[in-house]
Amino acid sequence: MMKLRIATGLGLLLFMATIIMLPATPAMAGEAQVVILDECFPNSFNAVLGNVAAGNIPCVSVGGSRTVAAFASFLPAGDPLWAFKPDVLKIDEAENVRATNEGGETHTFTEVAAFGNGFIPAVNNPTGATNTIPECQGGFSNPDNHVAATRVVHGANIVVTGLTPGKHLFECCIHPWMRMEIDVGNE
Ligand SMILES: [Cu+2]
């Protein structure tokens, strides 16, 4: 009887340990992780930018407390809470990259030849600049869907495969200060 009780207790402990060790979002083998972050405060953002009928995608609450006014005060450099993490990622040639949007807003994870302005004038061109980089031109209505194909809505993720050895740059076409570099080694 005692032996059985001890065995059951051990089994329960092992079971609990297994649950505790499971990561929230399990990474698959050969896959490096990037997180896409923002801290939009829904009450503030959606009052200004939450009109679905106008084509806006509302901010979903992730506990963020940044108001539109505070966010705008960082322009044109951009709010540092809107970011890709890490800034630089080193991977092997065979590895894929999974970028997961843990922020409340919609972003894009777009490969670009050189960093530069995105496609939303109010965010990108507060100083009147109009030089949207080629990869972001046209935004989500770009005829070849290039930008839309790299869109990552709240809670979603995108997997980038087949990166060739060398340096690759990724940027958000909405918030162009969200940038990172992926260095692919040829092993
Ligand atoms: Cu963004």
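Two strands are said to pair when DSSP finds at least two bridges between them. Helices (H or I, at least four residues) and strands (E, at least two) are DSSP runs, numbered from the N terminus. With those terms in place, I turn to the structure above.

Residues are numbered from 1 along each chain as its sequence is written. The model is predicted, and local features need pLDDT of at least 70, side-chain atom pairs count only at pLDDT 80 or more, while totals for chains, interfaces and linings use all residues.

I begin with confidence. The predictor's confidence in each residue, on a scale from 0 to 100, is called pLDDT. Its average over the chain is 86, and 81% of the residues score at least 70. Over residues 6-24, however, pLDDT stays under 50, and the model has 0 contacts beyond four places in sequence for them. A contact here means that the C-beta atoms of two residues, placed from the backbone, lie within 7 Å.

Next, the overall layout. The chain contains 4 helices and 10 strands, in the sequence pattern α-β-α-α-β-β-β-β-β-α-β-β-β-β. Of the contacts between residues at least 6 apart in sequence, 70% join residues at least 24 apart.

Four strands form an open sheet with mixed pairing, in the order 3-10-9-6. Strand 3 (88-92) and strand 6 (110-112) are the edge strands, each pairing on one side only. Within the sheet, strand 9 (residues 166-171) and strand 10 (residues 179-185) run antiparallel and are joined by 6 bridges. Gly 166, for instance, has Val 184 in strand 10 as its bridge partner.

I come to the interior. A residue is buried if 20 or more other C-beta atoms lie within 10 Å of its own, exposed if 12 or fewer, and partly exposed in between, with C-beta atoms placed from the backbone. By this criterion, 27% of the 187 residues are buried. A nonpolar core is a set of buried Ala, Val, Leu, Ile, Met, Phe, Trp, Tyr and Cys residues joined through C-beta atoms within 7 Å. The largest such core has 24 residues, of which Val 34, Ile 36 and Phe 84 touch the most other members. Two or more residues come from each of strand 1 (31-37), strand 2 (83-85), strand 4 (96-101) and strand 10. Leaving aside residues up to four places away in sequence, Phe 84 touches Val 34, Ile 36, Phe 170, Met 178, Arg 179 and Met 180.

Finally, Pro 76 lies in the loop between helix 3 (68-72) and strand 2. Is this residue buried or partly exposed? Pro 76 is partly exposed, because 13 other C-beta atoms lie within 10 Å.
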